[in-house]
Amino acid sequence: MSKQSPFSFLDGFMERIASGPQPPAWLVHEVQHRAVLFLNHVLMQEREAMDRLAHQAGRTAQVRWRGFFLTLAITPAGLLDLAEQEAQPDLRLEVSETSPLSLARSALSGERPTIRIEGDVQLAADINWVVDNVRWDVEDDLARIVGDTPARAIASVAERAAATLRRFVGGRAAPEGADVGAHGVDRSPP
């Protein structure tokens with residue numbers, strides 16, 4: 001008899017939602033536009049990332065998951081913009097995992113999804129560097145709104161909650177008796 005997660009019904013539920021009616025084009029465009037604004041906000045906090053991307057100005061990269069995609073053009077300033085609808089991407093990145101629940105579970109446990117890559121190797125290397133080295137400084141952004149001390153307290157609570165959630169998700173995937181660290185690495189003795 002196979003073990004099944006008590007939450008396995010969510011996978012089927014998420015699948016039905018994702019394969020249901022598609023959102024209107026204006027909503028998709030607005031969400032994509034907001035995503036670009038957020039990505040640029042994060043990029044502007046790391047000058048080296050912008051410099052690397054500036055060398056790729058005019059190039060386009062498309063990120064695809066299931067039927068959803070986002071095609072980004074790199075600007076001369078090293079930031080991102082939505083590419084023209086008919087633009088042929090220089091690089092295609094397709095997330096292989098189709099289940100939204102499995103994708104979320106992997107993200108919560110700190111794993112990167114499997115991605116199929118086609119196209120320009122140097123552009124892929126520069127984007128990979130940005131993904132590996134640029135992080136959103138949430139605490140800094142919160143401090144601008146609520147001040148340093150409350151921002152530090154909120155960030156601390158959020159970090160503890162995220163660590164607890166990662167341990168919970170990681171604990172479900174780890175073999176019995178394994179000591180799983182914060183990054184999902186088995187630290188139990190051999």
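This is a predicted model: local features need pLDDT of at least 70, side-chain atom pairs count only at pLDDT 80 or more; totals for chains, interfaces and linings use all residues.
Let's start with burial: a residue counts as buried under 20% relative accessible area, as exposed over 50%, and as partly exposed in between, using a 1.4 Å probe and protein chains only. Residues are numbered from 1 along each chain as its sequence is written, and side-chain values use heavy atoms, with hydrogens and water left out.

Now the overall layout. Helices (H or I, at least four residues) and strands (E, at least two) are DSSP runs, numbered from the N terminus. The chain has seven helices and five strands, and reading from the N terminus the order is α-α-α-β-β-β-β-α-β-α-α-α. Taking contact to mean heavy atoms within 4.5 Å, look at the contacts with a separation of 6 or more: 58% of them link residues 24 or more positions apart.

On to the sheet. Two strands pair if DSSP finds at least two bridges between them. The five strands make an open sheet, ordered 3-2-1-4-5, with mixed pairing. Strand 3 and strand 5 are the edges, each pairing on one side only. From one strand to the next, the twist averages 25°; for angles like this, axes are lines fitted to C-alpha atoms (for helices, over the stretch in contact), and angles run from 0 to 180 degrees between N-to-C directions.

Let's walk across it. Strand 2 (residues 68-74) and strand 3 run antiparallel, joined by three bridges, and here alanine 73 stands opposite aspartate 81 of strand 3. Helix 2 packs on the sheet at this end, touching strand 2 and strand 3, and its direction makes about 175° with that of strand 3. Asparagine 40 belongs to this helix, which spans residues 25-43. Is asparagine 40 buried or exposed? Its relative accessible area is 10%, so asparagine 40 is buried. Leaving aside neighbours within four places in sequence, asparagine 40 touches Leu79 and Leu80.

The C-alpha atoms of alanine 83 and alanine 73 are separated by 4.8 Å, although the two are ten residues apart along the chain. Setting aside neighbours within four places in sequence, the contacts of alanine 83 are Thr60, Thr71, Leu72 and Ala73.

Next comes strand 4. Strand 1 (residues 60-65) and strand 4 run parallel, with five bridges between them, while strand 4 and strand 5 (residues 115-119) are antiparallel, also over five bridges. Arginine 92 has glutamate 118 of strand 5 as its bridge partner. Strand 4, residues 91-95, has two faces: Leu91, Leu93 and Val95 are on the covered one, Arg92 and Glu94 on the uncovered one.

Which residue stands opposite valine 95 of strand 4? That would be tryptophan 65, which is buried because its relative accessible area is 19%. A pair of aromatic rings is described by the distance of the centres and the angle of the planes. Rings of Phe, Tyr and Trp (its six-membered ring) pair if their centres lie within 6.5 Å; planes under 30 degrees apart count as stacked, over 60 as edge-to-face and the rest as tilted. That rule gives one aromatic pair: tryptophan 65 and phenylalanine 68 are stacked, 6.0 Å centre to centre with 15° between the planes. Phenylalanine 68 has 35% relative accessibility, so phenylalanine 68 counts as partly exposed.

A charge sits over a ring if NZ of Lys or CZ of Arg is within 6 Å of the ring centre and within 35 degrees of the ring normal. The charged end of arginine 66 does this for the ring of tryptophan 65, at 5.4 Å from its centre. Arginine 66 is in the loop between strand 1 and strand 2 and has a positive phi of about 55° although it is not a glycine. Most residues other than glycine have a negative phi.

Finally, helix 5 lies across strand 1, strand 2, strand 4 and strand 5, at about 55° to strand 4.
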